[in-house]
Structures are given as C-alpha cells and as structure tokens.
Amino acid sequence: MNKTSIFTALFMAMIMAVSFTGCKSQKKLAAEQAAKELLAKTQKAQQDLEAMVGKDYASLDELAADEARLNEIKSYNLEDATVNDLISKADSHLASQRSALEAKLAAEQKAKEEAEKAKAQEAQKRDIYYLMDNIQGSGDTQSANLMITEALALFASPDVPVLIEIYNDGDIVDYDKPTTASKYLNKLKDVQRNPDKIKEFKTDANGKITELILTKK
C-alpha cells in the first residue's frame, strides 16, 4: 500500500470516528432535552393540580377551565406517583365543587322564579281587588257587569271556588258558606259593600285563578 492510500484510509477513519462521536453527542443532547422537558411538564402539572385541590370555585366557567386542564394533564400519562395522587384528589375535588356550584345556581334560580311568581301574584291580587272594589262602587248595573266580565277573565272558570275565612286560630280555620267567583262578584254588585280582603289564591299553568281565599272584613 502506498503512502497516498494509507493517508486516505486514515483520513476516512478519522471522519467516521468524528461522525460517530457527533451522532452519540446528538442523541445524548436529545435525551437530556427530553428529560428536561418531561421534568418541567411534571413540575407544572404538579403545581397546577395542587392549586386545583386547594381552590374554592366561584363560577362554573372557572371550574370548566380547570377541568379542561385536568384532562390535559391526564393525557400526558405521566409516570409520577405524586402527580397521579394529585390527579385523583383533583378529580374528586372538582366533582364536589361542580355539584356544590350547580346546587347553588339551582337554588338561586328557584328563589328568582319564586320571587317573580310572588311579584306576579301581588300584581294579580291588586288587579282582582281593584275590579272587585269597582264592581261594588260602580253605581250602575251595566258598568258593574262589564267589570264582572273583566274580573272573571282572571279566573279559570266562573265556577272557581271562593272561600271566605271568618275565623282563624292557628290550625283551626272556619269558612263562610262556599261560593263561586261568578256568584261572589255578582253579590258585590247587588249588596254594594266593600269586598273582603284577598288572603291568597292558587293559579293554574296559564296563570288563571283556580281558588280564591278571602278574609271577612
């Protein structure tokens, strides 16, 4: 083998050695980078989970954001005992928080609906009393009949029961002879006296009065 061939062979060997060393270095760097990223991801997941477990949520939107983050962390499939323990705790805590928030919102909605219903009933009570009061004070039969017709439109039917309370002592309640909406309104027209005070009434799904309870004046 001449000197040129020997030199060429040595040069190629050196290139291969450098290339092999460089390849090993790249793999090592990649592995180190992956390990660093995994550690950072694990630490961030642990940090976020710890925050979730110790948090009281004020809204479902806030809760939903952390539920999404929890699902994201689950998708990492991290092989870390601390993280997996926190995932279990966060799961339980977020579920409990959701139940509490939904119950609170349901209670608030119910209270709002009841307040609106009470407000509507008060307005309806004023309407029916106004008409009853004007029936007895109309001064003429034609006007009274028109107001009776208007008043009856508030009832489910002309035969809706009207109860007049004449005695109340706790659980003991006595009523006058039962009558109907039509009969009571016509009686107001005939006797020309102030109507009895409205105590309460029931309505159907359409808001029509199905029972009227008065208290004797």
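1. Start with a charge over a ring. K41 sits over the face of Y76, 4.3 Å from the ring centre. The model is predicted. Aromatic pairs are absent: a search of the whole structure finds zero.

2. In soluble globular proteins, nonpolar side chains tend to be buried together. The largest core here has 22 residues, and I135, L185 and L212 touch the most other members. At least two residues each come from helix 3 (81–136), helix 4 (141–152), strand 1 (161–169), helix 5 (181–191), strand 4 (197–203) and strand 5 (209–215). Helix 4 gives the largest share, five residues. Another core, of 14 residues, lies apart from it; I73, L78, V83 and A90 are among its members.

3. Now the salt bridges. The structure holds 13. One of them joins D66 and K55, at 3.6 Å from N to O. D66 belongs to helix 2 (residues 60–76) and K55 to the loop between helix 1 (3–53) and helix 2, so the pair ties together parts 11 residues apart in sequence. D66 is buried, at 16% relative accessible area. K55 is partly exposed, at 27%.

4. K89 is partly exposed at 44% relative accessibility, and D85 is partly exposed at 41%.

5. K202 and E211 also meet in a salt bridge, 3.6 Å from N to O. K202 is partly exposed, at 47% relative accessibility. E211 is buried, at 19%.

6. Finally, a network. Salt bridges link K44, D48, R69 and E72.

Notes: Residues numbered from 1 in each chain as written. Predicted model: local features only at pLDDT ≥ 70, side-chain atom pairs only at ≥ 80, totals over all residues. Heavy atoms only, no water. Phe/Tyr/Trp six-rings, centres within 6.5 Å; stacked < 30°, edge-to-face > 60°. Lys NZ or Arg CZ within 6 Å of the ring centre and 35° of its normal. Core = buried A, V, L, I, M, F, W, Y, C linked by side-chain atoms within 4.5 Å. Buried < 20%, exposed > 50% of the residue type's maximum accessible area, 1.4 Å probe, protein only. Helix = DSSP H or I, 4+ residues; strand = E, 2+ residues; numbered from the N terminus. Salt bridge = Lys/Arg side-chain N within 4 Å of Asp/Glu carboxyl O.
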